[in-house]
Structure formats: C-alpha cells, structure tokens
Amino acid sequence: MVVLLPFLLGSPGFAVVDGAPFPELEPFGLLDGLPEEVIAAAKEWERHIVEVITGLPPEAEPGAVPRPEYDPQTRTVKERAAAKAAELGVGLRTVFVRRARHVEQGLWGLVDQRAVREWQATGRGDARVVQAVREALDAETQASTGTRSRLIWKVTKALEAVHGPGVVPLPGRTTFYRLIDSLSTGRHTFGSASTRRQLANRPEGPFEPTSADRPGEQVQIDSTPLDVMVLLDGGVTVRADLAIAVDVATRTICAAVLRPAGTKAVDASLLLAKMLVPEPMRPGWSQSLAMSRSLLPHASLMDIDARMEAAAKPVIVPDGVVIDGGKVFVSDTFMRACERLGISVQRARQNTPTDKAVVEATFPSINTLFTQYLAGHTGSNTDRHRQWRGRQPGV
C-alpha cells in the first residue's frame, strides 16, 4: 500500500512505536548573541561538569590520570559531585542541577539564564490589562487631556464591560501608574493636546521624501497665518496671511502673496501668475540683486523681453503643484487657473503634512528667520508672546 507522507503523519492513529530517539543538536546559534563573559562562565562550568562525569577535564592530555577525588574507578558520582561542590564553594544540589542541564542541553544548559531573559516594558502584567491600556491611550489622542486616574477608571470600566466585574485581576495603583507611564512614553498623553495630535499624525514607518529632478517638476503651495500683527490703512490691527509656492528641486520661493487674515481663492491664482513673470526691481533695492548681475545672458534676454530688466529671481514654470484640502486651493477659481495654464494638480492626503513637507518646513523658517525680529511679532501661541504683543514700553 502506498500512502503519501503528509497523510501518514497527519493520521491520528500514526505513531512511532520503536527505534532510536532523534538526535538533539545544541542551540549554538543562541550563543552568538550572548556577552563574552556569559559564554566564558558557561564554558568554565562545562569544564567542571565534564570532570565530575568522566574524571578528566576537556583539555586533559592523552594518558592523563584523574585526580583521586574524581576517579570514576574509586569514587561514585555523588562523591565526585561533593568534591566539586567543596572545590567551588557551592552546594551539592547546584552541581547536580547543572550536571542534569548539561546532559540535556549541552553548553546552553550552563548559561546564566538571567542574561537571556526577555525583558518587557509592561513587566508581568496581565495581557488583557495591557491591551486595554493601549486602547485607552489611543482613544486619548483626540480627547481633552486628562489625568492617569481617569485613564485607570476608563480601563477598569472597559475590562468589566468585556470580561465581567472582577474577572481580570487589576494591578495595584503604583503598578498601574508605572504601566501607564511605560506605554505612554513619547505620546504626550497627559501633556499638550496639540503636541499629542501632531505626534499621532506622523506617518507610520519610513516614508520616501519628496523629490524632484528639475525646476518646475513639482511646486508645493500652501498658506498660513504669520506670527506677526500688522496695521491696516484704516487703523485696524490684524494678523497677516502668507501664501507661498516653493519649488522642490531648487527650494526656491517662486512667488508669495501677503494679505490680511483670510487668503482668498484669487490670491492662490495670483501666486500662479506671479510665478510666470520676473520680479520687478523696486525702489531701494540693491543693484546686486538685479538680473544684470546674474550669470544669465542678460543682454540677449533684454532683446527678447524688456521686462527682463528685473530682479534676479528665477522664473519657474510649474508642471504640477501639490496642494492640501484647503477651500482656497480646491476652489473652482484656482482649479480653472491651473487648467488654463496646463498645470496638473496633486492633492495631498488628509492630515498628512509630509506629502508637502518642503513648503511646510518653509513657514517655520520664515517665522524664525524673519518675523520674530519684527516689533509686531506675536509668537506661535499664547505661551510664546508678551502681553503687549511686541509693543515698545510706554506705547
């Protein structure tokens, strides 16, 4: 009768009734990750155990004679083990236990298990409690910042709702606090809510950074309120809004539109128009900024277009722009302008600022390198500005 081996081995009535046991291999691969001093101590114990079993240490020369207290011809195993215990200053039971481990596991059985013990940040806590704490910490991301005692109450109620009251053993209060602290490390669960949500919004795992090989291949557009107060012609003090377009390949700010709070769709369209024309030289600008001082063939460019008598700002025609879900950029006005100019539009994923990381990183640079030196600087939040928002003393 011919039977396939998987069916034979999978049959409930199949068993090996006789034959030699399978040979066992020592786990040599596990020894590679241990410290050298741990392996050296295990080998030293192996030398003593081999002497107890055979009467001679492993490194004995051919023809060597056992020491009298370890001679198998005149001493029993118990006597030899007692002699080794007296020599090493340990108990007799210790020698017998290590001898049994060496017979079963070889050198691995003599390794100090404290060196290979797995450590977990959650300690020996119940897996159901650990899972409930993790779920409660995830739920705190979008909630208002609370205390650890409130989290313990939520975890307790969740465990009782799933498993029943008193079924899952809960740790003591101090241990509970320690467990929560270990699982909430780096998450700002009990700190700033904005920081907590920003950390939770980070992409999981490594991601490919935005890249472009030539100017105009990808231009990122965004707007944000500046950390500065401005005085309008009517005497009203408002916060300024800045909309910019940044070329990814050259990191050039192709165009910028500054207006009072509330960027409009027409301002976003104006960005596209300003990108396609040179920047005119304004009164008071240094001549070192003029196009005539650049490396470009200024004379031949002037023959083509007189407007090239301008500032040395590169004119970058975008092939595609990256925007977020702001109403200004998804409006019909902006989309029609991109369609008319032949510019493709790529929309970033929701709540994923890393999809347009270049322009996102430009705004903090503007705030730190420019606006913080202005008298009307407000700071990024109420914790970072003075009561008078940069006013001079006595004003």
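Reader: If a crossing is left-handed when the near helix is turned anticlockwise from the far one by less than a right angle, and right-handed if clockwise, which hand does the crossing of α4 and α5 have?

Author: The crossing of α4 and α5 is right-handed, and the helix names follow DSSP runs numbered from the N terminus (helices are H or I with at least four residues, strands are E with at least two). Bear in mind that this is a predicted model, in which local features need pLDDT of at least 70 and side-chain atom pairs count only at pLDDT 80 or more, while totals for chains, interfaces and linings use all residues. Residues are numbered from 1 along each chain as its sequence is written, and side-chain values use heavy atoms, with hydrogens and water left out.

Reader: OK, and at roughly what angle do α4 and α5 cross?

Author: Helix α4, residues 77–88, and helix α5, residues 92–105, cross at roughly 115°, and their axes come within 8 Å; the axes are lines fitted to C-alpha atoms, for helices over the stretch in contact, with angles from 0 to 180 degrees between N-to-C directions. The two helices are therefore roughly perpendicular to each other, given that 65 to 115 degrees is the range for that label, with under 35 being roughly parallel, over 145 roughly antiparallel and the rest oblique.

Reader: Which residues make the contact between α4 and α5?

Author: On the α4 side they are Val77, Lys78, Ala81, Ala82 and Ala85, and on the α5 side Leu92, Val95, Phe96 and Arg99, where contact means heavy atoms within 4.5 Å.

Reader: Let's move to α6 and α8. How do their axes cross?

Author: Helix α6 (residues 127–139) and helix α8 (residues 173–183) have axes that come within 10 Å and cross at roughly 55°, which means that α6 is oblique to α8. Helix α6 passes α8 in a right-handed crossing. From α6, Val129, Val130, Val133, Arg134 and Leu137 meet Phe176, Leu179, Ile180 and Leu183 of α8.

Reader: Is Val129 buried or exposed?

Author: Val129, in helix α6, has a relative accessibility of 2% and therefore counts as buried, since that word covers anything under 20%, with exposed over 50% and partly exposed in between (1.4 Å probe, protein chains only). Leaving aside neighbours within four places in sequence, Val129 is in contact with Leu159, Val168, Pro169, Leu170, Pro171, Phe176 and Leu179. The pair Val129 and Val168 is 39 residues apart in sequence, yet the C-alpha to C-alpha separation is 7.6 Å.

Reader: What about the largest nonpolar core: which residues touch the most other members?

Author: That core has 20 residues, and Ile221, Leu272, Met275, Val321, Phe329 and Phe334 touch the most other members; a nonpolar core here is a set of buried Ala, Val, Leu, Ile, Met, Phe, Trp, Tyr and Cys residues joined through side-chain atoms within 4.5 Å. At least two residues of this core come from each of β1, β2 (237–247), β3 (253–260), α10 (265–275), β4 (320–323) and α12 (332–341), and α10 gives the most, with four residues.

Reader: What is Leu272 in contact with, leaving aside neighbours within four places?

Author: Leu272 contacts Ile221, Phe334, Ala337, Cys338, Leu341 and Ile343 on that basis.

Reader: And Met275, buried or exposed?

Author: Met275 lies in helix α10 and is buried, with a relative accessible area of 0%. Setting aside neighbours within four places in sequence, Met275 is in contact with Val219, Ala245, Cys254, Ala255, Val315, Ile316 and Pro318. Met275 and Val317 are 42 residues apart in sequence but 6.8 Å apart in space, C-alpha to C-alpha.

Conventions:
A crossing is left-handed if the near helix is turned anticlockwise from the far one by less than a right angle, and right-handed if clockwise.
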